[in-house]
Amino acid sequence: MQSRLPILVFALVMAAIPFIPGMPPFWIVLLDNIGLAALVAMGLVLLTGVGGLTSFGQAAFVGFGAYTTALLTTAYGLSPWLTLPLSLLVSGLLAVLLGLVTVRLSGHYLPLGTLAWGLGLFYLFSKLEFLGRNDGISAIPPLSIGSFRMLSPGSIYFAIWVAVILAALLTTNLLDSRTGRAIRALRRGHVAAEAFGVHTPRAKLLVFIHAAVLAGLSGWLYAHLQRAVNPTPFGAQAGIEYLFIAVVGGAGYVWGGVLGAAIVVILKEVLQSYLPLIVPGSGQVETIVFGIMLVALLQLAPGGVWPWLMSFLPERSGGKKPDTSLKLEQRIRRSGEAGVLLHVEKARKQFGGVIAVNNVSFDVQAREIVALIGPNGAGKSTTFNLITGVLSATSGSISVLGKPVDNAPPQEIVKLGISRTFQHVKLVPDMTVLENVAIGAHLRGHSGPISSMLRLDRADEARLLAEAARQIERVGLADQMHQLAGSLSLGQQRIVEIARALCVDPMLLLLDEPAAGLRHMEKQQLAKLLRDLRDGGMSVLLVEHDMGFVMNLADRIVVLDFGTKIAEGTPATIKTNPEVIKAYLGVAA
Amino acid sequence: MNTTIMLFLVQDGITNGAIYALLGLALVLVFAVTRVILIPQGEFVTYGALTYASLASGQMPGTAKLALAMGIVACGFDLFAARKTLHGRLILRSVLANVVLPAIVLALTINLAAQKPPVAVCIALSLVIVAMIGLYLYRIAFQPLAHTSVLVLLIASVGTHLALQGLGLLFFGAEGQRGPAVLSGAFTAGSLRFTGQSLTVYGITIAFIVGLWLFFGLTLYGKALRATAVNRLGARLAGIRTTLSGQIAFLLASVIGALSGIMIVPITTLYYDSGFLIGLKGFVAAIIGGLVSYPLTAVAALFVGIVEAFSSFYASNYKEVIVFMLLIPVLLLRSLAAPAVEEEKD
């Protein structure tokens with residue numbers, strides 16, 4: 001729970017500014033512009049900084065918001081308050097349309113795609129007859145409450161900043177929730193999030209819509225501030241500038257968007273009004289200086305100004321420990337969770353000419369620890385990926401509790417009670433251990449984005465965090481609960497992954513090299529934990545290279561070599577199996 | 001429509017498309033090697049074109065001075081970066097490449113500009129000037145940021161675009177310029193008229209595509225560039241200087257940009273800010289090509305050129321809308337054909 005005090009102080013200061021005697025009206029205009037830019041930048045922070053989706057097209061959404069209200073209030077005489085939801089709706093609906101195409105793009109396609117449709121829409125604004133072509137639409141009515149008409153920049157100021165502060169609150173609330181964790185995990189790739197039931201395309205679309213609605217809100221306010229719209233402020237240049245504002249402020253921080261807007265708007269203003277005094281007689285000098293300062297700023301502080309400022313504040317003490325007495329409802333147990341949990345029948349995976357997994361069959365029973373061993377490249381991790389739905393098998397079948405699950409996506413597999421860890425740790429390094437582990441409980445929560453923004457999710461959220469805290473304590477990392485996951489040692493990060501997998505309340509736990517990077521004592525603790533889990537009714541399938549660890553722990557061992565199963569049995573029989581010895585040590589041994 | 005108009009539009013489209021192909025190739029090259037999405041590519045085009053046009057009309061282009069100024073800054077960056085391990089040879093090399101060279105070019109330009117030099121000299125001087133600007137631009141703006149994210153590089157790229165475009169206005173004014181044809185004369189084949197200029201465009205485009213293909217396929221530097229594109233760290237471990245790869249990429253991109261500009265400016269009037277839109281159409285081609293494939297980019301560029309020619313004939317108002325919206329179905333097909341793969345980002 002973040003402290004609300006700084007935000008309250010900020011709101012009070014902003015509310016007091018217009019009442020300072022002798023305040024130049026021009027400054028109020030500047031603050032209006034900062035607020036408008038901040039709204040768009042905040043959406044970009046969520047989209048780009050947090051979600052990892054770079055968009056150059058936000059200016060087009062500002063345009064949709066502005067043109068919607070401009071058209072409806074002038075041509076159809078609707079009240080501006082009636083057009084507010086319509087402006088947001090239009091921006092949101094277009095975001096759904098463009099988002100469905102755009103968020104599927106990966107890597108550099110995404111920013112370039114947004115640049116392209118941003119430009120296309122800009123030209124569309126400037127060519128459409130009913131939008132007034134290049135002249136735009138003028139004589140837009142001002143906002144009014146009763147007989148109070150917000151004609152001056154000083155009166156609409158309040159509307160703008162109420163919107164900014166509300167948007168910032170809602171956005172921070174959203175980030176600090178079940179949905180928010182899913183969004184924050186997006187930037188690190190989709191495999192880990194999907195393994196815990198996050199529907200990543202939907203999460204991406206959600207941030208896309210959120211950012212577009214904020215941009216639409218900014219456009220609606222802009223139209224009623226200027227009382228006229230034309231295509232110029234919604235072009236590619238503006239789209240680039242919004243992104244720039246977010247990066248300067250600090251692309252991962254909601255308040256960085258506000259700070260960035262202040263820096264850029266004021267900087268541009270200063271350059272425009274003072275440069276001609278220094279370098280007289282030449283236009284566009286401010287553009288040159290602006291461009292150069294931009295590059296210089298990036299070279300000095302590539303992370304943005306907000307985190308740089310925050311680093312001067314004393315470090316906040318760790319968060320509050322969740323109340324672990326709150327219980328989360330358990331996964332529904334199915335009949336048959338006492339017999340064969342997992343049945344792999346002649347699973348095969350080919351990558352082109354390489355057969356990574358060659359007709360492998362094995363079972364995992366209830367209350368059993370099965371180890372999957374084999375030399376490097378034997379196909380162990382590929383087998384894991386086949387079971388968890390990350391890869392689909394070329395042939396063969398995999399069934400859980402007797403039901404085939406071939407080609408089911410990871411989100412469906414985890415619902416069956418199978419959770420996993422990864423060979424290469426996939427945690428979100430700038431989230432705390434607690435938040436990372438809580439992603440594991442994603443499917444056991446219910447709150448959606450709207451209730452998260454309005455803080456109606458607190459009871460649900462407290463139960464999720466309590467479950468996460470319980471699992472962290474169970475694996476013995478209670479002291480690290482509020483540290484950033486990225487600051488832990490690699491061995492500890494693997495343990496965090498186990499806690500995250502336990503949050504699923506699984507019947508079968510898949511561990512990919514859990515003991516790698518652990519010290520001797522830690523390995524013994526891990527082995528004890530896994531035995532306890534088994535005795536509590538859970539099954540474990542693990543891939544591991546540490547033979548001492550495996551032989552002492554596993555009930556049964558399956559040995560793979562070059563994708564083929566060469567042996568299966570108890571540790572004692574595997575140790576003396578000549579095929580296994582040959583695979584590990586060569587023929588002569 | 002009759003065949004003549006159609007053929008004429010196709011021909012017009014191919015001429016424009018050839019230019020977009022060159023620019024698209026340069027963008028792909030720079031992105032692959034340095035991860036920079038080169039928005040100032042458009043400025044290389046206008047700088048090349050307007051420097052050429054100014055020289056041909058006997059004016060002194062401001063870009064020559066800019067090259068020297070940027071060279072001095074780049075030299076300063078070099079010396080500052082190596083301040084702990086300075087030695088004579090390093091200083092000498094940096095001063096020669098960054099200060100003496102542009103100074104000589106500036107002196108040459110001042111001397112020659114007054115006497116309205118022949119077309120070949122104008123072309124050579126313009127190319128050298130813009131090439132130096134491209135090289136120093138990498139040193140000043142992008143080399144210090146080489147380790148940062150694509151997003152930061154992109155924003156820096158926007159910054160350099162703004163600065164260079166502003167400088168363009170300062171140097172060349174708001175008036176548009178045209179330059180003399182590189183190759184004059186024309187002949188007709190059937191109902192089509194081929195000008196020497198359009199033939200030059202085809203010839204140079206094909207020469208460049210073949211040249212790049214040979215460069216990347218056969219030379220050590222070309223292979224080093226490809227290695228850098230695939231894996232920066234791996235390339236460094238194999239002894240490839242990634243900064244050198246970046247310099248070569250920018251050098252090639254600026255030469256290609258300037259050359260494209262010189263080829264267009266006899267056909268259409270260019271303004272200081274025309275480059276941005278021309279560069280963006282190269283982008284469209286590059287994206288359709290997936291930012292990785294040179295031949296695909298070239299084909300896509302011809303396609304963009306032809307679509308542009310036809311839409312300017314039928315719906316000239318919506319020309320730009322059509323060209324840029326063209327991307328959406330392409331991107332959609334692309335994303336459906338190749339589902340997103342896991343990306344490890346830092």
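A:Gly569 lies in strand β14 (residues 564-569) of chain A, where helices (H or I, at least four residues) and strands (E, at least two) are DSSP runs numbered from the N terminus. The model is a predicted one, in which local features need pLDDT of at least 70, side-chain atom pairs count only at pLDDT 80 or more, and totals for chains, interfaces and linings use all residues. Residues are numbered from 1 along each chain as its sequence is written, and chains are lettered from A and ligands numbered from 1 in the order in which they are written.

A:Gly569 is partly exposed, with 15 other C-beta atoms within 10 Å; a residue is termed buried if 20 or more other C-beta atoms lie within 10 Å of its own, exposed if 12 or fewer, and partly exposed in between, with C-beta atoms placed from the backbone. Leaving aside residues up to four places away in sequence, A:Gly569 touches A:Arg556, A:Ile557 and A:Ile574, a contact being a pair of residues whose C-beta atoms, placed from the backbone, lie within 7 Å. A separation of 19 Å is found between the C-alpha atoms of A:Gly569 and A:Phe384, which are 185 residues apart along the chain.

Chain A contains 23 helices and 14 strands. Its C-alpha trace spans about 90 × 50 × 50 Å along the principal axes. Of the 589 residues in chain A, 52% are buried. Among contacts in chain A between residues at least 6 apart in sequence, those joining residues at least 24 apart account for 75%.

Two domains are assigned in chain A, domain 1 (25-268) and domain 2 (338-585); the bounds come from an automatic or database domain assignment. Their C-alpha centres lie 41 Å apart. Contact between the domains involves 22 residues of domain 1 of chain A and 28 residues of domain 2 of chain A. On the domain 1 side, the elements that give two or more residues are α6 (153-175), α7 (178-186) and α8 (191-195) of chain A. The most is given by α7(A), with seven residues. By residue class, this side of domain 1 divides into eleven nonpolar, six polar and five charged residues, where Ala, Val, Leu, Ile, Met, Phe, Trp, Tyr, Cys and Pro count as nonpolar, Asp, Glu, Lys and Arg as charged, and the others, Gly among them, as polar.

Between the chains, the contact takes 42 residues from chain A and 44 residues from chain B. The elements of chain A that give two or more residues to the side touching chain B are α5 (109-127), α10 (236-249) and α12 (285-300). With eleven residues, α5(A) gives the most to this side. The residues of chain A on this side comprise 23 nonpolar, 16 polar and three charged. The predictor assigns the complex an ipTM of 0.83 and a pTM of 0.83.

Helix α10(A) has 14 residues and reaches 20 Å from its first C-alpha to its last, close to the 20 Å expected at 1.5 Å a residue; the expected span is 1.5 Å times one less than the number of residues. This helix is mostly covered, 13 of its 14 residues being buried. Just after α10(A), A:Gly250 takes a positive phi of about 125°.

Positive phi values also occur in residues other than glycine. Most residues other than glycine have a negative phi. Phi of A:Ala139 is near 60°. A:Ala139 is found in the loop between β1 (137-138) and β2 (144-145) of chain A and is exposed, with 9 other C-beta atoms within 10 Å. Phi of A:Leu401 is near 50°. A:Leu401 lies in the loop between β8 (395-400) and β9 (403-404) of chain A and counts as partly exposed, with 19 C-beta neighbours inside 10 Å.

In chain B, helix α8 (residues 220-230) has B:Ala224, B:Leu225, B:Thr228 and B:Ala229 buried. These residues cover an arc of only 140° around the axis, which puts them on the same side of α8(B); the arc is that of the directions from the helix axis to the C-beta atoms. On the other side of α8(B), B:Leu220 and B:Val230 are exposed. The cover over the buried residues of α8(B) includes α1 (3-34), α7 (196-218), α9 (232-237) and α10 (242-264) of chain B.

The mean pLDDT of chain B is 84, and 95% of its residues reach 70 or more, pLDDT being the predictor's confidence in each residue, from 0 to 100. Over residues 340-346 of chain B, pLDDT stays under 50, and the model has twelve contacts beyond four places in sequence for these residues.

How values were computed: Contact = placed C-beta atoms within 7 Å.
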